[in-house]
Amino acid sequence: MRKRVANPLMIAICCLSAAAARADAQGSYVPCDNGLRCVTAPCPSTSALDLASGKIIKGVSVDIDGLPQQDRALDLADKLYVGKLVVAGTIENRPHTFNGKQYSLPTLVATGIERAAKDGERGHCSAR
């Protein structure tokens, strides 16, 4: 009986395929202030447009800790507030505590800035 040995080329292809699948899980979003004001937390005053599905995700906080240094501009917060940027990343439900109560809220975990947002992509923003 002949023993099968793993082909190094096949292993490399499988690894690249897995990496591509992980990268595909990442999306493109336009986060911004949606104009909603609240008197209690959590407040869904920030939303993000998922460019792939067209779905608007309300109540999103943006985590910019994973951004590369070159994507951290001095006016990054202002640009995110008005929806001027398309952000690469993933949406994760993360636990948050407000007034002693636990909530699971969507968080856009930003991994990069892709480009400037187009006017049509900022329709859900209050400052268009």
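Student: Why is Asp33 called buried?

Tutor: Buried means under 20% relative accessible area, with exposed over 50% and partly exposed in between (1.4 Å probe, protein chains only). Asp33 has a relative accessible area of 4%, so it counts as buried. Bear in mind that this is a predicted model, where local features need pLDDT of at least 70, side-chain atom pairs count only at pLDDT 80 or more, and totals for chains, interfaces and linings use all residues. Residues are numbered from 1 along each chain as its sequence is written, and side-chain values use heavy atoms, with hydrogens and water left out.

Student: What makes the link between the side chains of Asp33 and Ser126 a polar contact?

Tutor: The term needs a pair of N or O atoms within 3.5 Å; within protein, one must be able to donate a hydrogen and the other to accept it, and residues adjacent in sequence count only if both atoms are side-chain atoms. The Asp33 and Ser126 side chains are joined at 2.9 Å, so the distance passes.

Student: Which residues does Asp33 contact, leaving aside its neighbours within four places in sequence?

Tutor: Contact means heavy atoms within 4.5 Å. Among the partners of Asp33 are Ser45, Thr46, Leu80, Tyr81 and His124.

Student: And where does Asp33 sit?

Tutor: In strand 1, residues 27-33. Helices (H or I, at least four residues) and strands (E, at least two) are DSSP runs, numbered from the N terminus. The chain has 2 helices and 6 strands, in the order α-β-β-β-β-α-β-β.

Student: How do you know that strand 5 and strand 6 pair?

Tutor: Two strands pair if DSSP finds at least two bridges between them. Strand 5 (residues 85-98) and strand 6 have 14 bridges, in the antiparallel sense, so they pair. In their hairpin, with 2 residues between the strands, Asn99 takes a positive phi near 50°.

Student: What about strand 4 and strand 6?

Tutor: Strand 4 (residues 61-63) and strand 6 (residues 101-116) have 3 bridges, this time parallel, so they pass too. Ser61 has Thr107 as its bridge partner in strand 6.

Student: What makes the largest nonpolar core a core?

Tutor: A nonpolar core is a set of buried Ala, Val, Leu, Ile, Met, Phe, Trp, Tyr and Cys residues joined through side-chain atoms within 4.5 Å. The largest here has 11 residues, including Tyr29, Ile57, Leu80, Leu85 and Leu108. In soluble globular proteins, nonpolar side chains tend to be buried together.
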